[in-house]
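This briefing summarises the fold, packing and charged contacts of the protein model shown below.

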Amino acid sequence: MNQLKDKLEHITQYINQLLIDQEGVGLSVAIVKNSDIIYSRGFGYSQIQPVKQPMDGDTKMSIQSISKNFMALSIMQLVEKNLLSLDDKVVEYLPYFRTKDKQQSDTITIRQLLSHTAGFPSDLGIGNMTAPNVREIFSDTPTEFQEALDHYNLTEEEIDGVKTREDVTRWFQKVELEYPPGKGWNYCTDAYVILADLFEKVTGVEWETNLEDEILSPLSMNRTTSDSKDVEEDPNSAKYYLGEEKTETPFPKNSLSAPIGYLYSTANDLGRYLAFHLTKESAVLRSDLIEEMQQPVHLVSEEWQFGSEVRSYGLAWFTDRYKGLRVIEHGGGQMAVRSLMTMVPELDLGIVVLLNFDGITHHDVCDKVIDIFME
């Protein structure tokens with residue numbers, strides 16, 4: 001017990017030291033061992049204005065692309081119910097789905113959407129550019145919004161015309177595949193909107209409703225939500241600060257694209273989520289399907305490897321090795337949002353780090369926790 005106490009105290013000291021030069025912002029951390037949250041701490045502040053609010057393990061924060069893991073889990077629940085198979089063609093459920101080359105896109109499977117191996121380019125923009133405050137996000141200069149549209153080869157009429165997830169799926173008819181489906185890897189965030197469209201067509205239920213009923217409630221994730229208004233009005237929620245000047249950024253919200261990166265959670269809730277994935281003991285999903293999510297599907301392209309040994313992507317999980325240990329993780333980021341959830345199965349260890357500022361501090365904290373628990 002004293003040894004564990006010393007490890008956790010070492011982690012606290014390390015994080016306090018990291019934040020010395022980050023006055024006014026903060027991070028929250030949860031550490032899971034087996035099925036228990038053994039460490040939950042907030043450091044610094046969740047908000048600077050109008051008054052400083054301390055961060056803690058229950059502070060609601062944007063989790064960005066960690067949201068994809070919940071979308072993938074929802075699809076796996078349909079697999080368990082025999083409502084679909086991962087190797088089914090997307091067009092079997094969404095007959096209007098196509099890309100420029102219909103013959104190619106007719107072969108794209110659900111597994112390929114989940115694993116980013118469908119052939120899509122990596123940065124299409126349609127998911128994020130439909131945010132209701134997108135013009136506020138690109139407002140530093142009079143031309144910044146137009147420059148963003150030009151970068152993504154989009155028009156204002158296009159993004160204003162997207163009202164539903166089906167609209168996003170139909171938009172893909174302008175997309176040219178970069179490689180044959182299944183023969184490469186590109187992290188295409190927008191593909192997860194198609195998965196939500198597919199989920200809703202198969203079930204007849206809004207994805208967010210199912211998420212609450214079939215995942216969040218059973219796992220007691222009571223402070224996880226897709227409702228941006230609820231989060232903004234919560235007294236214990238984060239705002240986000242960019243750069244040394246700590247400039248507050250527009251709040252990350254986009255209900256249409258919730259499955260790609262617009263869910264909100266807490267370190268403690270994500271700790272409960274990791275405990276479920278670590279132990280594989282839950283009525284939420286069969287253990288063999290949990291394991292299937294964590295298995296590599298395709299090696300990640302060179303620029304994503306960060307010097308890692310065997311970085312790959314599964315079904316909404318990156319898989320890697322760190323100092324010889326298998327690591328399963330997913331992170332997220334946008335402007336001043338940073339999030340990371342990591343599992344080290346050989347240590348029965350799970351780590352959640354959420355920031356409200358930019359940088360790589362979340363990775364530094366995660367690596368330090370693993371190092372300490374390897375000792």
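**Nonpolar cores and overall architecture**

Within the largest nonpolar core, which has 94 residues, F70, I75 and F120 touch the most other members. The model is predicted. The protein chain contains 16 helices and 13 strands.

**Packing of the cores**

- Leaving aside residues up to four places away in sequence, F70 touches I63, W207, L211, I215, L216, M221, L263, L270 and Y273.
- Another core lies apart from the largest one and comprises 29 residues, among them I11, L27, L355 and I372.
- Of the 375 residues in the protein chain, 55% are buried.

**Dimensions and surface**

- The C-alpha trace spans about 60 × 50 × 40 Å along its principal axes.
- The accessible surface of the protein chain is about 15700 Å², and carbon and sulfur atoms contribute 46% of it.
- Among contacts in the protein chain with a separation of 6 or more, 66% are between residues 24 or more positions apart.

**Sheet**

- Nine strands form an open sheet with antiparallel pairing, in the order β3-β2-β1-β13-β12-β11-β10-β9-β8.
- The antiparallel pairing of β9 and β10 runs over 2 bridges.
- Y313 has F318, in β10, as its bridge partner.

**Salt bridges**

- The whole structure holds 23 salt bridges.
- E291 and K280 form one of them, with their closest N and O atoms 3.4 Å apart.
- This pair links distant parts of the chain, 11 residues apart: E291 lies in helix α15 (residues 287-293), while K280 lies in the loop between α14 (267-279) and α15.
- E291 has a relative accessible area of 28% and is therefore partly exposed.
- K280 is also classed as partly exposed, because its relative accessibility is 24%.
- A salt bridge also joins R311 to E329, where the closest N and O atoms are 3.0 Å apart.
- R311 is placed in the loop between β8 (298-299) and β9 (312-313), and E329 in strand β11 (residues 325-334), so that the pair, 18 residues apart, links distant parts of the chain.
- R311 and E329 are both buried.
- K323 and D371 meet through their side chains in a salt bridge with an N to O distance of 3.0 Å.
- The two residues of this pair are 48 residues apart and connect distant parts of the chain: K323 is in the loop between β10 (318-322) and β11, and D371 is in helix α16 (residues 361-374).
- K323 counts as exposed because its relative accessible area is 53%, a value over the 50% cut-off.
- D371 has 22% relative accessibility and is therefore partly exposed.
- K60, R223, D230 and D234 belong to one network, joined by salt bridges that share partners.

Definitions and conventions:
Residues are numbered from 1 along each chain as its sequence is written. This is a predicted model: local features need pLDDT of at least 70, side-chain atom pairs count only at pLDDT 80 or more; totals for chains, interfaces and linings use all residues. Side-chain values use heavy atoms; hydrogens and water are left out. A nonpolar core is a set of buried Ala, Val, Leu, Ile, Met, Phe, Trp, Tyr and Cys residues joined through side-chain atoms within 4.5 Å. Buried means under 20% relative accessible area, exposed over 50%, partly exposed in between (1.4 Å probe, protein chains only). Contact means heavy atoms within 4.5 Å. A salt bridge is a side-chain nitrogen of Lys or Arg within 4 Å of a carboxyl oxygen of Asp or Glu. Helices (H or I, at least four residues) and strands (E, at least two) are DSSP runs, numbered from the N terminus. Accessible areas come from the Shrake-Rupley method with a 1.4 Å probe; for residues, only the protein chains shown count as cover. Two strands pair if DSSP finds at least two bridges between them.
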